[in-house]
Amino acid sequence: MTRQPDDGADRVDHGTGRVPRVAAVVTAFRPGSSLPLVCESVVEQVDVLVVVDDGSPADDGSTQRLLDACRALGAHVVRHDANEGIGAALNTGTRRATELLDGEGYLLTLDQDSTVPPGYVASLVEAGRAAGRHGLRVGLVGPATVEGIGSMAARRTPAGDVVGDEPIQSGLLVPLAALDALGGFDEGLFIDGVDSDFYLRARASGWVTVVAPGTHLGHRLGADHEVGGVHLTHAAAFRYYYIARNRVLLLRRYARTAPAWCTRAVLKDLRHLAVTTLAVPGRGARWRATLAGLRDGVRGVTGRRPGLP
């Protein structure tokens, strides 16, 4: 079970002498059997656990059983009536967590396919607090390595803190003060790029990303396709619409303030499309989704695309 709230004497933000409280928010949509495992992996490490089901079918008995299992572990479960996207789910979870923490502490964001090892949350909190004591304005704290991605790009400061580049959204620790200052997550992006937008806004406002040395996040990225012994990760075809559309939207927002990030992002997308086109079945559907996304990105379309999950 989650730890019981204390009398308030130990609540603080990083950089001070008292111990901050942490709420984990797990977002889910049509979750699989891994959802209770995610909750089980983190529940003893946080003060509050919130699960946000983002519009899974109400008559899906399997989802209901999984959510009931999360409740049994001590989670507060919130359900959207319709699929509103990862940004909206994170904001819903943030609001609930903020209420339960009385507006102070940290938020840990997790998706339904991530698991955290023992000591993970404490390590992230300590890394953030140490950096705060050394004068850094900490906005995000991430793990050193992520399954399927590898190590985060990082550098060590003279004080010994590890400052990183863009982290992934799952497994990310964010001070509630930073969320309040930055206005939460962009719901208009729906899915894909929500984490990038938050990172870029944080960076532009002077909040830094800190890496907790020695930490690792268990995480599943999309589907896996093996070619000649090499495993290639790719998303469902419909996701390429959002990837392309939101990339255009982010380029329009940040081309002037973050040109290096924009260049790297475009090159990464092109490389991924080239590899999956050559080696992964379903290239036609991916390209149709990509072209539709590029078109809507130029038009400034946001939100959920009608007819898509």
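User: Which residues in helix α1 are buried?
Analyst: In this predicted model, helix α1 spans residues 34-42, and its buried residues are Leu 35, Pro 36, Val 38, Cys 39, Ser 41 and Val 42; buried means under 20% relative accessible area, with over 50% counted as exposed and the range in between as partly exposed, using a 1.4 Å probe and protein chains only. Helices are DSSP runs of H or I with at least four residues, strands are runs of E with at least two, and both are numbered from the N terminus.

User: What do the buried residues of α1 pack against?
Analyst: They pack against β1 (22-28), β2 (48-53), α2 (61-72), β4 (106-111), β5 (114-115) and α4, where contact means heavy atoms within 4.5 Å.

User: And Tyr 120, where does that lie?
Analyst: Tyr 120 lies in helix α4, which covers residues 120-133, and Tyr 120 is buried, with a relative accessible area of 1%.

User: What is Tyr 120 in contact with, leaving aside neighbours within four places in sequence?
Analyst: With those set aside, Tyr 120 is in contact with Gln 45, Leu 108, Pro 143, Gly 171, Thr 215, His 216 and Leu 217.

User: Switching topic, how do α7 and α9 pack?
Analyst: Helix α7 (residues 239-254) and helix α9 (residues 283-299) pack at an angle of about 30°, with their axes 7 Å apart; the axes are lines fitted to C-alpha atoms over the stretch in contact, and angles run from 0 to 180 degrees between N-to-C directions. That makes α7 roughly parallel to α9, since angles under 35 degrees count as roughly parallel, over 145 as roughly antiparallel, 65 to 115 as roughly perpendicular and the rest as oblique.

User: How does α8 sit against α9, then, parallel or antiparallel?
Analyst: Helix α8 (residues 259-279) packs against α9 at an angle of about 150°, with the axes 9 Å apart, which makes α8 roughly antiparallel to α9. Leu 273, Thr 276, Thr 277 and Leu 278 of α8 make the contact with Arg 283, Arg 286, Trp 287 and Thr 290 of α9.

User: How many helices and strands does the chain have?
Analyst: The protein chain has nine helices and 13 strands, and buried residues make up 50% of its 309 residues.

User: What about numbering and confidence cut-offs?
Analyst: Residues are numbered from 1 along each chain as its sequence is written. Local features need pLDDT of at least 70 and side-chain atom pairs count only at pLDDT 80 or more, whereas totals for chains, interfaces and linings use all residues, and side-chain values use heavy atoms, with hydrogens and water left out.
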